[in-house]
Amino acid sequence: MAGDFDDDGADDLVAILNYDNEETGLIMFDGSRTHGLTGSGSRPPGPDHPSNLTTSDLNKDGHPDLVVTTPDSREVLYGRRGGLSRLKP
Ligand SMILES: [Ca+2]
Ligand SMILES: [Ca+2]
């Protein structure tokens, strides 16, 4: 799922991490305006065992937010300067 989730002007990529069903969660690759996606990825907060991601600006603050669905719940991570957060800005 691509979007500028940390408000630095470059699109980032968030993906579902599922390694042998033991290490699950989200991984985010930080985008750079000059070098594309960089680094080995960071681990934003989020629920275990995510199954689906969608993005939308749910709180209408101009930053894309991420909706993470798991088999039995749904959580919103808010995009803001510095990265995704569980706290509503
Ligand atoms: Ca970014
Ligand atoms: Ca938002």
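**Chatting through two sheets**

Biologist: I'm looking at L13, so which residue in β3 is its bridge partner?
Modeller: That's F29: the two residues are bridge partners, with F29 sitting in β3. Keep in mind that this is a predicted model.

Biologist: Okay. How many bridges join β2 to β3?
Modeller: There are 7, and the two strands run antiparallel. They also make a hairpin, with 3 residues between them.

Biologist: Let me zoom out. How many helices and strands does the protein have?
Modeller: You'll find 0 helices and 7 strands. Reading from the N terminus, the elements go β-β-β-β-β-β-β. As for the overall build, the radius of gyration is 12 Å, close to the 12 Å that the globule rule gives for 89 residues, so the protein is as compact as a globular protein of that length.

Biologist: And what box do the C-alpha atoms fill?
Modeller: Roughly 35 × 30 × 15 Å, if you take it along the principal axes.

Biologist: Back to the strands. Which order do β1, β2, β3 and β4 have in their sheet?
Modeller: The order is β1-β2-β3-β4, in an open sheet of 4 strands with antiparallel pairing. β1 and β4 are the edge strands, each pairing on one side only.

Biologist: Which residues of β4 stand opposite D30 and G31?
Modeller: D30 stands opposite T38, and G31 stands opposite L37.

Biologist: What actually pairs strands like these?
Modeller: In general, strands of a sheet pair through backbone hydrogen bonds, and they can do that either parallel or antiparallel.

Biologist: What about β5, β6 and β7? What sort of sheet do they make?
Modeller: They make an open sheet of 3 strands, ordered β5-β6-β7, with antiparallel pairing. β5 and β7 (73-77) are at the edges with a single partner strand each, so one side of each has no neighbour in the sheet. On average, neighbouring strands of this sheet are turned by 20° against each other, ignoring direction.

Biologist: How many bridges join β5 to β6?
Modeller: There are 5, and the two strands run antiparallel.

Biologist: Let's go inside. Which residues make up the largest nonpolar core?
Modeller: It has 9 residues: F5, V14, L26, M28, L66, V68, L77, Y78 and L84. β3 and β6 (65-70) are the elements that give two or more residues to this core.

Biologist: Is there a general pattern behind that, or what should I expect?
Modeller: In soluble globular proteins, nonpolar side chains tend to be buried together.

Biologist: What share of the residues here is buried?
Modeller: Buried residues make up 20% of the 89.

Biologist: Y78 is in that core. Which residues is Y78 in contact with?
Modeller: If you leave aside neighbours within four places in sequence, Y78 is in contact with N59, D65, L84, S85, L87, K88 and P89.

Biologist: And for the whole protein, what part of the contacts joins residues at least 24 apart?
Modeller: 31%, counting contacts between residues at least 6 apart in sequence.

Biologist: Changing topic: where is D7, and what is its phi?
Modeller: D7 is in the loop between β1 and β2. Its phi is positive, about 60°, although D7 is not a glycine.

Biologist: Why does D7 count as partly exposed?
Modeller: Because it has 16 C-beta neighbours inside 10 Å, and partly exposed covers the range between 12 or fewer (exposed) and 20 or more (buried).

Biologist: What about K60, buried or exposed?
Modeller: K60 is exposed, with 8 other C-beta atoms within 10 Å. You'll find K60 in the loop between β5 (52-56) and β6. K60 isn't a glycine either, yet its phi is positive, about 55°.

Technical notes:
Residues are numbered from 1 along each chain as its sequence is written. Chains are lettered from A and ligands numbered from 1 in the order in which they are written. This is a predicted model: local features need pLDDT of at least 70, side-chain atom pairs count only at pLDDT 80 or more; totals for chains, interfaces and linings use all residues. The radius of gyration is taken over C-alpha atoms; the globule rule is 2.2 Å times the number of residues to the power 0.38. Two residues are in contact if their C-beta atoms, placed from the backbone, lie within 7 Å. Two strands pair if DSSP finds at least two bridges between them. A nonpolar core is a set of buried Ala, Val, Leu, Ile, Met, Phe, Trp, Tyr and Cys residues joined through C-beta atoms within 7 Å. Axes are lines fitted to C-alpha atoms, for helices over the stretch in contact, and angles run from 0 to 180 degrees between N-to-C directions.
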